[in-house]
Amino acid sequence: LPACRDSRLFIKDLHFDGVPVRIYLPREPSASKRRGVIFFHGGCGIFGSIRSYERICRYIARKSDSVVVSVGYHLAPEHKYPAQTLECLIATVHFLKTSETYGVDPARIIVCGDSIGGTFTASVCQELGHRTDIPKICAQVLIYPFLQALNFNLPSYQKNAAAAFPSRECTVHFILKYLDKDCSLKEPILAGSHVPESMNLKYRKWINPDLIPDVFKLGYKPQLPTSFLPRVHEEVQELFEPWFSPLLAEDAVVCPLPDTCIVTCEHDVLRDEGLLYKKRLEDNNVRVTWHHVEKGFH
């Protein structure tokens, strides 16, 4: 939907340091500064827009009486990764520095996103965790986020392989489209052949089916060993960067993260990534609120 008149909101299209944004400001005067919400939309980095998330952002602004900034990062593959994460970061920093201009309390700003927007949220919060020159982000909200590209055989990937959108194959296909890679790499990546054994061993403490609660592992079958393919590994180095896979960030990066709300859905291949990140955050003494939608889908 285009921006149009709303009886309860002022809606403006702006640019934050060159990044397109749409800002939603409640019309009702406020006795104090409002909270702010920076929103990153989903769509695998190759779909979606400010316009397609118009209703959601209006709803958040109205129901929470918040100033909402929806970030219109440019899409891949025309705009190469990591342009999307960089633009989300630029827009966030700009808003943190200028929030009082929009009647927002800089100490009450949260970052929120769904799907790959949740990835951008996690990455931005990790990137800004140690910054002292700007206000601290108050909280992050991750709505069924994508958080790792090492293991596509976690219990939720097996359970929802073909039963929900995105399917297991679609997920890897969209990842390759997002990174502008050859889609013939899909099968070896699904099999796990892109990850050397040394890397699997290193990250087992964070990405491991054993860390998923038993209630979510009904019918799960451990993955059979696969052959490592160095050529595939070299082609997809981006998958192992914390900006792409925030679950791979070191503990020193995770420790200073803000209070977190994680939303997971039962009928979603990404369910277990939210569960694994929840555990990582809790292990690092980050306060987490978790909402699981038992009948929900991506």
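A search of the whole structure, which is a predicted model, finds 14 aromatic pairs, meaning rings of Phe, Tyr and Trp (its six-membered ring) whose centres lie within 6.5 Å, with planes under 30 degrees apart counted as stacked, over 60 as edge-to-face and the rest as tilted. Local features need pLDDT of at least 70 and side-chain atom pairs count only at pLDDT 80 or more, while totals for chains, interfaces and linings use all residues. Residues are numbered from 1 along each chain as its sequence is written, and side-chain values use heavy atoms, with hydrogens and water left out.

**Aromatic pairs**
- F16 and Y102 form a tilted pair, 6.1 Å centre to centre with 40° between the planes.
- Because F16 lies in strand β1 (residues 9–16) and Y102 in the loop between α2 (83–98) and β5 (104–114), this pair ties together parts that are 86 residues apart in sequence; helices (H or I, at least four residues) and strands (E, at least two) are DSSP runs, numbered from the N terminus.
- The rings of F95 and Y102 also make a tilted pair, with centres 6.1 Å apart and planes at 35°.
- F16, at 1% relative accessibility, counts as buried, and so does F95 at 0%, where buried means under 20% relative accessible area (1.4 Å probe, protein chains only), exposed over 50% and partly exposed in between.
- Y81, F146, Y178 and F244 are linked by ring pairs into a cluster.

**Charges over rings**
- The charged end of R27 sits over the ring of F10, 4.2 Å from its centre, the criterion being NZ of Lys or CZ of Arg within 6 Å of the ring centre and within 35 degrees of the ring normal.
- The charged end of K205 sits over the ring of W206, 4.6 Å from its centre.
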